[in-house]
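Visitor: Please take a close look at the aromatic side chains here. How are the rings paired, and where do the paired residues sit?

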Amino acid sequence: MDRVAFETARLELARLRVKPGNDHELSLQSVLRLSARTLKVERVGFWVFDEGATTLTNRLQYTRSSDNFAGGDVLTGSHYPRYWAALRAKRVIGVGDAVNDPQTRELADGYLTRLEISSMMDAPVFRAGELIGVVCHEHVGARREWTADELHFAGTVADLLSMLLEQSDRLSAEEKLRGYVGAMVAAEQLAVMESLCRAIAHDFANLFAVVELVAGALAGPGDRSPAKLDELGGSLRSVANVGIDLLSQIRRFGTRSSDGGQAMPLRQVIHRVVPILGTLTREVATVEVELQLADTDTTAAPSDEIEQLVLNLILNARDAIDRQGQIRVGARRDGNELVLEVSDDGAGMTPEVLARIWEPYFTTKETGTGLGLVTVRSIVDDNGGTIGVVSVPGEGTTFVVRLPAAA
């Protein structure tokens, strides 16, 4: 066969890729069809071993004369020991007389004769050094002696299939990871919402207690002077203003993704969550915010992910403080990066705890989910950033996040 045709086919094979969201079966079909047409054989099939390598199953087979795909045949190793041994020992098995060759004649009665196969060229497929399958080229008609170029091409097809399978497995794992990260983010958003609702419910309870006191004073037989009524009215106005502010926080939190997750200036994102931070940490810490950012300093990360990152780090800092403490949120630009720092003066972490903080579900809190810092790490990684942590037992912890600045 013309060597130019082989090189053209190899180039076409090299361009094949498994794309995200695309069924890898389409790529497998393309390989088998191209191989059959290049080598001018009737059938090309991809056979896979079971876990114990006791059986071979025809996962997919292309027939050139009908241009269709099928599969399903199964071969059992105990019936074909010499063929099994040849697959393990040779780079490519190329036999012109498949019915009589010692390597393949075991297949004659149950397979070769039935399908009128005269010549075979089988290339084992390996992954991580393990034999996982074979690409089987089946010639029908007069016996055929395989050339060196044809044998080499069959090996190339087997190697490419191995690469495509690895791509498919990697993309599948990445898709599962994205789903896992999405579930973690959703769980953490619910956890933040629950904390915020509890804090605001506590504030509303205090407000209603004040309203009840004012209502009792108005309903009772006490002082009705204009000065007293003004004082009680002022108290009600103050209560109303606090209530309006609390409702504003709820609306802000509930609609904080209304921008569709678009990237926003980091200063704006942090300022948007500052009221929520105060409510979430009020009982144990004060929050100090120091931003050395220009109004145009923006990361490429979606704003809702940055909010989630900030909220999770703040909640982690809050839970580390067992007395009235302080949490500091700082942000600045450093070259082509935006740096976000969250520090607390809480309990700090031992080296043993510090070594495990990125493990899913690991937590030292009685009611913790163990997903907060994992979510933070996932957001940082997904957006091409880095995160570091310094913690000293009894003194506190500092998380430093670096994210690429948007162009």
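Guide: The model is a predicted one. A search of the whole structure gives five aromatic pairs. One of them joins tryptophan 47 and tyrosine 111: the ring centres are 5.7 Å apart and the planes stand at 85 degrees, so the pair is edge-to-face. The angle decides this, because planes over 60 degrees apart count as edge-to-face. Tryptophan 47 belongs to strand S1 (residues 43-49) and tyrosine 111 to helix H4 (residues 108-112), so the contact ties together parts 64 residues apart in sequence. Tryptophan 47 and tyrosine 111 are both buried.

Phenylalanine 49 has a partner in tryptophan 84, and this pair is edge-to-face, with 5.5 Å from centre to centre and 85 degrees between the planes. Phenylalanine 49 lies in strand S1, whereas tryptophan 84 lies in helix H3 (residues 81-89), so the pair ties together parts that are 35 residues apart in sequence. Tryptophan 84 counts as buried because its relative accessibility is 8%, and the cut-off for buried is under 20%. Phe49 and Trp84 also belong to one aromatic cluster, together with Tyr83.

A contact of another kind involves tryptophan 358: arginine 377 lies over the face of this residue, 5.0 Å from the ring centre.

Definitions and conventions
Residues numbered from 1 in each chain as written. Predicted model: local features only at pLDDT ≥ 70, side-chain atom pairs only at ≥ 80, totals over all residues. Heavy atoms only, no water. Phe/Tyr/Trp six-rings, centres within 6.5 Å; stacked < 30°, edge-to-face > 60°. Helix = DSSP H or I, 4+ residues; strand = E, 2+ residues; numbered from the N terminus. Buried < 20%, exposed > 50% of the residue type's maximum accessible area, 1.4 Å probe, protein only. Lys NZ or Arg CZ within 6 Å of the ring centre and 35° of its normal.
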